[in-house]
Amino acid sequence: MDYASTTPVDPRVIKAMLPYFSEKIGNTMSPHVWGLEAREALENAREVVASFIKASPVEVIFTGSATESNNLAVKGIAFSNRARGRHIVTSKIEHLSVLDPVKWLERNGFEVTYIPVNEDGLVDPSDVEGAIRKDTILVSIMHTNNEIGTIEPIEEIGEICRRHGVYFHVDAAQSVGKLPIDVDKMNVDLLTMSSHKIYGPKGVGALYIREGVRIEPLLHGGGHEYGLRSSTVNVPGIVGFAKACEIARDSMDEELGRLRKLCKRLIEGVAEIEGAHLTGHPERRLPTIASFWLEFIDGERLMFELNERGIAASTGSACSSGKIEPSHVLLAIGLNERQARSGLRLSIGRWTKPSEIECVINVLAEIRRKYARC
Ligand SMILES: Cc1ncc(COP(=O)(O)O)c(C=O)c1O
């Protein structure tokens with residue numbers, strides 16, 4: 001019940017990666033045949049990943065994670081455009097890998113406007129338009145929220161950014177492989193992807209950068225990835241990521257049909273438990289995330305109870321230095337601090353079985369009965 005956190009690597013992905021650990025071990029920068037072989041594998045992977053989001057290969061660079069892609073997009077645009085302006089617009093419900101870099105930029109001479117969301121977690125495109133100023137250089141809004149699954153109106157926001165000549169970055173770490181992505185239709189200039197959310201290996205991400213958009217790199221060195229990400233290229237990981245995209249491309253429709261039904265049952269089953277409240281938009285949501293806040297238990301105790309019963313799930317709240325903080329996403333949709341500490345995110349994926357859905361509903365009902373008596 002925690003696929004949104006990370007996924008197992010698909011056996012077909014492992015098979016595609018294996019030769020690149022032991023036989024095809026070249027460095028993409030080497031001039032010999034092993035290097036050439038690695039370069040070919042890298043460029044083939046780039047083509048696959050690019051075509052998955054309807055981009056051209058020169059517009060995709062590989063990174064080490066979605067966190068790195070988000071940092072590169074936000075800081076890279078900020079530093080290459082600071083002569084033009086120092087204002088950035090983002091939302092209150094972004095992943096910390098966007099919020100923390102923009103906060104860091106605030107401490108380094110930039111200004112940031114944080115757009116609120118409504119009770120379903122939706123950003124209103126007119127709020128984005130209202131926040132854009134003459135010195136705005138970047139808008140960064142996520143495609144789908146990782147805690148509550150709400151799908152944001154990306155096309156409309158992108159159209160607004162285009163009209164105002166402002167770069168538009170989208171964190172699509174949770175939506176790639178679950179929703180069709182077309183960077184032109186979505187009017188985005190930069191888009192973040194992650195491999196380990198779609199049955200690829202951990203430690204690999206990508207950033208789409210529209211041709212002609214200039215960004216400063218975070219890592220300087222050997223000039224890999226068009227000079228935007230120096231580091232010896234993680235060929236096995238990238239080959240695995242491309243294979244994961246290929247599988248997602250070929251199986252998405254069928255897989256999502258199945259997951260949509262399972263998620264509907266999960267949402268209905270949990271919502272029937274007294275004191276369980278759905279969070280996120282009731283319809284405009286990822287077909288793989290069922291999220292709630294619970295009246296009868298806080299997140300910390302809930303995780304303990306679920307863990308005891310062999311269920312991996314996630315609370316909305318972040319744990320920093322052992323202290324459970326209320327989720328910034330749940331606070332942004334209007335919950336109070338206590339409620340925002342009682343989030344539950346159940347996320348399903350490729351190997352979730354109907355029996356597991358029934359099991360988690362029953363376990364939650366049992367936990368409710370136990371705590372109702374307390
Ligand atoms: C929306 C979103 N953005 C970024 C990330 C960070 O991804 P990674 O683990 O690849 O750094 C996550 C991971 O949970 C996420 O859900």
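**Note on a predicted two-domain chain**

1. The C-alpha centres of domain 1 and domain 2 lie 28 Å apart, and the chain is divided into domain 1 (11-247) and domain 2 (252-373), with bounds that come from an automatic or database domain assignment. Between them, 32 residues of domain 1 are in contact with 24 residues of domain 2, contact being heavy atoms within 4.5 Å.

2. This is a predicted model, in which local features need pLDDT of at least 70 and side-chain atom pairs count only at pLDDT 80 or more, while totals for chains, interfaces and linings use all residues. Residues are numbered from 1 along each chain as its sequence is written, and side-chain values use heavy atoms, with hydrogens and water left out.

3. The radius of gyration, taken over C-alpha atoms, is 21 Å, which agrees with the value near 21 Å that a compact globule of 374 residues would have; the globule rule is 2.2 Å times the number of residues to the power 0.38. Along the principal axes, the C-alpha atoms fill a box of roughly 70 × 55 × 40 Å.

4. Of the 374 residues, 59% count as buried, that is, under 20% relative accessible area with a 1.4 Å probe and protein chains only. The chain exposes about 16,000 Å², of which carbon and sulfur atoms supply 52%, the areas coming from the Shrake-Rupley method with a 1.4 Å probe.

5. Among the contacts in the chain with a separation of 6 or more, 72% are accounted for by residues 24 or more positions apart.

Key: Buried < 20%, exposed > 50% of the residue type's maximum accessible area, 1.4 Å probe, protein only.
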